[in-house]
Each structure stands twice: as C-alpha cells, then as structure tokens.
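User: I would like to go through this model by question and answer. Please keep it plain.

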Amino acid sequence: MQDVLDKPRSGDVPPAAPAARTATVRRRRNSRARWELTARIAALSLFCLLLLFPFVWLVSQSLKDTNQYFATPFEWIPSPFRWENFTDVIFKYEFLHYIGNSLWLAVYAVVVNILSSSFVAYGFSRFRFPGRNALFMVVLATMMLPGQVMTISLYRFYREIGWIDTFYPLLIPKLFGAAFEIFLFRQFFLSLPREVDEAARIDGCGTLRTWWHIILPQSKPVIIVVAVFTFLGSWRELFGPLIYLTGEENRTLPLGLLYFTSPFGSSLPMLMAAIVISLIPPVVLYALGQKYIDKGVAIAEIK
Amino acid sequence: MSMVSAEQRPRLKRRWWRREGVQGYLYISPWLLGFLMFGVAPLIAAFMTSLSKANVFRTIRFVGTDNYSKILTDDPVFATIAGNMLIYVIGSTIISIGLGLILALLLFKDFRGNHVFRTLIYVPSLLVGIATAYLFKQVFRGGEVGLANMFLSLFGTEPVNWLGNSEKPWLALVALILVNVWFAGGTMLIFLAGLKGIPASYFEAARVDGAGPWQMFRKVTLPLLSPVIVFNTVMALIGHIQVFETPLAFANSGGVATGNPLGYENSLGTFVTYLYVKGFVYQDMGYASALAFIMFAATLVLTGLVLWLARRFTAYGDADQN
C-alpha cells in the first residue's frame with residue numbers, strides 16, 4: 001500500500017524529462033508542489049480543529065459543576081477541576097453496573113461472533129456446493145434489510161416465550177454469525193494459500209481441525225478487525241436493548257445514558273462525564289487495533 | 001481441494017457427511033439457520049402483522065392494506081416525517097460522500113503527519129451513538145452556552161435556538177444533518193482505500209500527457225473511483241434512512257417518556273423514531289410493521305435510483321474492476 005502512495009510522488013519530476021525543460025521550470029514545479037502541500041495541510045488542520053472542538057469542549061464541561069457549566073464567558077480550563085464528577089457517575093449513578101452489563105455483552109459478542117462468523121465463512125470459502133454463490137449473495141443482501149422490520153415480530157415472539165427483560169434476545173442471535181463479519185472473514189480466507197490446508201488434509205487433518213488449527217491462526221488481522229467492529233457495534237447498540245431490556249437492573253451503558261436525567265434532576269456536567277466514560281473504550285480499542293483496521297477497510301471494499 | 005478429492009474418491013469409500021458439498025452446507029448451517037429464524041420467519045410474520053390490527057387485548061384482526069393506506073394518505077405525522085427524511089437523507093448523504101471524498105483526496109498524498117490526520121478524522125465515526133448524540137445535543141443547545149452558538153458568535157451572529165425553535169422548526173433538522181460532518185471519517189477511509197487501489201501508472205500516464213489537477217480528477221480519479229463512490233453512497237443512504245439515536249436524543253427532554261420523541265412539531269421525527277413510538281410506546285405493532293416495510297421500500301427505491309444514476313453517468317472499466 002505504501003509503495004502505491006509513493007509512486008505519484010516520484011512522478012512529480014518525470015524521469016524522462018526532455019532536455020528542453022530548464023531549471024526554472026523545475027523550480028516553479030517544486031514551489032507549486034510545496035504550495036499545494038501547504039494548502040493541503042492547512043485545510044486538514046482546520047477541519048481537524050473543527051472536528052476536535054466538541055470533544056475538547058466535552059472534556060472541559062465534564063470537569064465542572066453546574067454553575068461553571070453555564071458560566072459566560074466560557075472557561076476552557078475549568079477551575080477548580082471537579083474530578084468527583086467521574087467517581088459520582090460511576091458509583092452514585094449506577095454506571096459501574098451499566099458498564100458491567102455493556103462490557104460482558106460486548107465481550108460475549110466478540111467471542112461468539114468471531115467463532116460463528118469465521119466458521120460460516122470457512123464453509124463459504126473452502127467448499128464447493130450447489131447454490132453457494134447465490135447463498136453468499138443472500139448473506140450480502142441481508143445487510144440491506146433494516147433490522148427494525150424483523151425486530152417488531154421478534155419482540156412479539158420473545159414476549160410470548162418470556163424473554164423480555166432478559167439478555168437472551170441480545171445473546172442468542174449472535175450464535176449464528178453476522179453478515180458483515182462473515183463477508184470480512186470470507187474475503188480474507190480466500191486470500192490465504194490453499195496449499196497449507198491441502199497439506200494438512202493429506203496428513204489426515206479433518207476440516208474442523210483445519211479451520212481451528214490452520215485457518216484461524218493465520219487470520220489474526222481479520223480477527224482483530226472483526227473483534228473491534230463487533231465490540232464497537234455491541235457497545236453502542238441502543239435499539240435492541242431499549243426494546244428488550246425494560247428493567248433498570250439490566251440497563252446497558254447506552255440505556256443508562258438515554259435515561260440519564262431521571263434521578264437527580266438536571267446535572268449536565270455529570271452527563272458529560274458519563275459520555276466521556278462511554279467514549280473511552282472505543283478510542284482505546286481503536287488505538288490498539290489501528291494498524292489492522294485500515295487494512296480491514298481495504299478488505300471490506302473489495303466487492 | 002475438489003481436484004484431489006475427485007482423485008481419491010474411487011479408492012476411499014467416503015462417508016456421505018465427508019463429501020465436500022455436504023460439509024460446505026454443514027459449515028454454513030449456523031448462518032442458514034439464523035437467517036431462517038431471525039430473518040425470513042420474522043420478516044414474514046412482520047408482513048402478516050402489517051396487514052392486521054391488534055387492540056389492547058391483543059386480539060388480532062385482519063385489515064388488509066389499511067395500515068399502509070392510512071400511513072400514506074391519512075397520517076399528517078408521517079407526511080411531516082417523510083419530508084424530514086427526504087431532506088435529512090439527501091443532506092446527510094451529500095455531507096458523507098462529498099466531505100468524505102474531499103478528505104480522502106486531501107489525504108491521498110504521502111506527507112509527514114498524514115497518519116495523524118487520518119486517525120483524527122476517522123475515530124469520531126467510530127463513536128457515533130447515543131453518547132455522541134447527547135454531546136451534539138449540548139453543542140446545538142440554544143443560548144450562549146451551546147458550542148455551535150459560541151462558534152457563531154465569533155462572526156457576530158445572535159444565538160440560535162436550534163432544537164426547539166417555534167418559528168423555524170426546520171433548524172432542528174439542519175442541526176441533525178450537520179452532525180454528520182463529524183462522522184464523515186468512515187466514508188473517507190473507504191474512499192482512501194479505493195484511491196490507493198487505482199494503479200499509479202494511470203496518474204503517471206495522465207501527468208505525462210499534461211493533465212492538470214482538475215482534469216486528472218475528472219478524467220482519471222472520478223471514473224476509476226466510481227464503483228467505490230456507488231458503494232459508499234448506497235451504504236450512506238441505508239445508514240441515514242435508519243438514523244435513530246441522534247434524533248431521539250435531540251428530541252427528548254429528560255427521559256424518553258417526557259416530551260414529544262419526534263421533536264418540536266415533529267421536526268425531528270425519522271422513520272425509526274416514529275416506528276419506535278408507534279410500535280413500542282403505543283404498542284400498535286401492525287402500524288409499526290407497515291412503517292418498517294415502507295421504510296424498506298424507500299431504501300430499495302433510493303438504492304435503485306443511485307444504481308440507475310451510476311449506470312447512466314459513469315463508465316465502468318469493467319475489465320479492471322475486480
């Protein structure tokens with residue numbers, strides 16, 4: 001990928017420049033390139049500044065009390081810092097509990113989704129069977145379906161079998177793989193050399209063991225990408241939990257945020273602190289999986 | 001794989017479940033099962049529900065297409081929402097695609113710090129959800145406290161009442177669209193991957209032929225990037241049609257139960273928030289199911305429109321595109 005990036009650059013001065021091209025032309029070309037680069041960086045810096053402002057503002061507001069929050073003129077650096085906001089949110093506002101719920105749901109989703117989606121993708125990428133391509137198109141097509149269409153009848157079904165206000169409606173469907181993740185795994189598996197599976201097979205290794213011992217160990221990049229995306233998806237999911245989890249006991253972090261103002265009246269700095277807390281795990285996770293995610297997007301883009 | 005197994009088949013009598021085809025089905029069976037249970041079955045059930053009406057005692061009555069005709073012809077709230085959605089989806093898609101593409105083009109050059117910019121732009125798009133929705137609700141707060149108004153005051157503009165303006169309820173929708181500026185990083189990254197996939201020799205050739213930057217963009221980048229543009233546009237449309245957290249957060253004052261979840265004069269109503277209100281607040285499942293199918297139909301129509309436009313206006317170099 002890097003060399004692709006480098007190539008246009010080496011083209012700035014064409015290798016086969018005719019002798020007629022004088023030094024002045026080249027200098028003008030260089031200064032133009034430098035000007036262009038400066039403009040590029042200036043535009044990007046301005047945009048990033050705009051992008052970062054709300055987040056800096058958020059952190060600043062999360063460290064204030066209500067009076068400081070509404071004070072004009074605005075104070076970017078709060079004095080004094082109210083670090084208690086964070087401990088209050090976590091302990092007094094039950095956020096420890098919500099974080100716990102969200103965390104185990106997300107970890108469950110990651111583990112189960114990696115296993116089930118890679119299992120299914122292995123079937124799609126290493127076996128030939130009638131209707132395979134058509135079925136894979138169906139996998140892709142399900143990504144277009146708005147989940148809400150199904151949610152309504154699933155909700156009624158879960159209500160009949162007494163699953164409302166339990167975690168089952170969020171846990172059970174994950175056992176069957178998810179379309180986007182199946183797609184990512186399949187694309188990746190297709191790029192793995194088949195010779196290794198062949199060799200394993202000749203040595204008497206069954207397909208199940210091939211999946212577990214040969215394919216998965218080679219798939220670290222895509223596993224990390226799927227892990228990050230699945231975690232983020234589960235961490236921020238609101239619609240499902242909002243409908244299925246009705247009791248306070250089972251609230252996830254997004255639900256805790258949604259219902260935030262209920263107990264202690266308006267306490268915006270606390271809400272800001274709660275938002276900061278809920279944004280930290282995604283940022284950390286991205287930082288950890290960063291070098292794989294760019295490639296993962298490249299995998300996803302190949303249609 | 002199949003070649004080897006074909007050679008071996010006569011020698012080794014294989015059990016039926018060892019056959020390649022059977023094994024393939026076994027491996028995809030979890031998805032197939034899940035698709036039937038959590039996809040096909042609820043889809044059919046939802047369609048049946050959309051043709052019925054249940055009263056408070058949950059006795060279900062078949063009403064034919066009543067729900068659909070009521071939504072489409074006799075529901076002023078839905079009419080407002082359909083208008084909202086049209087503006088929101090078009091505005092947001094323009095931001096996602098236009099801004100995403102511009103940012104990708106700016107980053108499509110190797111320079112020191114490129115990586116930092118890319119990360120800063122991409123990360124917010126991973127944070128989208130109720131947390132950022134509440135953050136932007138404070139950003140677009142009326143009065144001098146809101147960050148958007150603080151920014152505008154630098155240019156001497158009076159504070160704007162964004163989310164509850166009785167004279168200009170549409171300002172809430174504008175705020176809702178503007179939030180997408182912060183989440184253009186997702187499309188940006190896919191555009192960047194697409195740009196990197198264009199063989200450098202094409203740019204080289206255009207340069208040797210004396211193409212300027214604009215010509216280069218029009219004649220080389222844009223046509224070769226068109227499959228990625230189409231892909232991104234379709235994905236952006238689907239995502240924007242299903243917008244939920246931000247309008248819900250913008251509209252609610254306090255918990256979800258207080259205030260109109262569709263915003264002041266329904267100015268923040270979207271398909272999914274309306275579906276949520278009808279289905280899960282008022283428990284009118286038939287109506288909500290019909291809404292879901294109308295939303296699905298709208299998705300298909302818009303996707304079809306994009307694909308049709310793409311076919312009309314772009315020349316695919318099909319040989320090179322995978």
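User: What ipTM does the predictor give the complex?
Analyst: The model is predicted, and the predictor scores the complex as a whole. Its pTM is 0.86. The ipTM is 0.84.

User: Which element of chain B has the highest mean pLDDT?
Analyst: Chain B averages a pLDDT of 85, and 88% of the residues score at least 70. Among the elements of chain B, the lowest mean, 48, belongs to helix α1 (residues 2-8). The highest mean, 95, belongs to helix α4 (residues 76-107) of chain B.

User: For residues 317-322 of chain B, how many contacts beyond four places in sequence does the model have?
Analyst: Over residues 6-11 of chain B, pLDDT stays under 50, and the model has one contact beyond four places in sequence there. Over residues 317-322 of chain B, pLDDT also stays under 50. For residues 317-322 the number of such contacts is four.

User: How many helices does chain A have?
Analyst: Of the 303 residues in chain A, 36% are buried. Among contacts in chain A between residues at least 6 apart in sequence, 76% join residues at least 24 apart. Chain A has zero strands, and its helices number 15.

User: Is helix α6 (residues 130-139) of chain B mostly covered or mostly uncovered?
Analyst: A residue is buried if 20 or more other C-beta atoms lie within 10 Å of its own. The buried residues of α6(B) include B:I130, B:Y134, B:F136 and B:K137. In helix α6 of chain B, 10 of its 10 residues are buried, and the helix is mostly covered.

User: What distance separates the centres of domain 1 and domain 2 of chain B?
Analyst: The domain assignment gives domain 1 as 2-50 and domain 2 as 67-313 in chain B. Four residues of domain 1 are in contact with seven residues of domain 2. The side of domain 1 that touches domain 2 has two nonpolar, two polar and no charged residues. Taken over C-alpha atoms, the centres of the two domains of chain B are separated by 38 Å.

User: Which helix of chain B gives the most residues to the side that touches chain A?
Analyst: The contact takes 79 residues from chain A and 78 residues from chain B. By class, the side of chain B that touches chain A has 53 nonpolar, 17 polar and eight charged residues. With 19 residues, the element of chain B that gives the most to this side is helix α2 (residues 20-50).

Key. Residues are numbered from 1 along each chain as its sequence is written. Chains are lettered from A and ligands numbered from 1 in the order in which they are written. This is a predicted model: local features need pLDDT of at least 70, side-chain atom pairs count only at pLDDT 80 or more; totals for chains, interfaces and linings use all residues. Helices (H or I, at least four residues) and strands (E, at least two) are DSSP runs, numbered from the N terminus. A residue is buried if 20 or more other C-beta atoms lie within 10 Å of its own, exposed if 12 or fewer, and partly exposed in between; C-beta atoms are placed from the backbone. Two residues are in contact if their C-beta atoms, placed from the backbone, lie within 7 Å. Ala, Val, Leu, Ile, Met, Phe, Trp, Tyr, Cys and Pro count as nonpolar, Asp, Glu, Lys and Arg as charged, and the others, Gly among them, as polar. pLDDT is the predictor's confidence in each residue, from 0 to 100. Domain bounds come from an automatic or database domain assignment.
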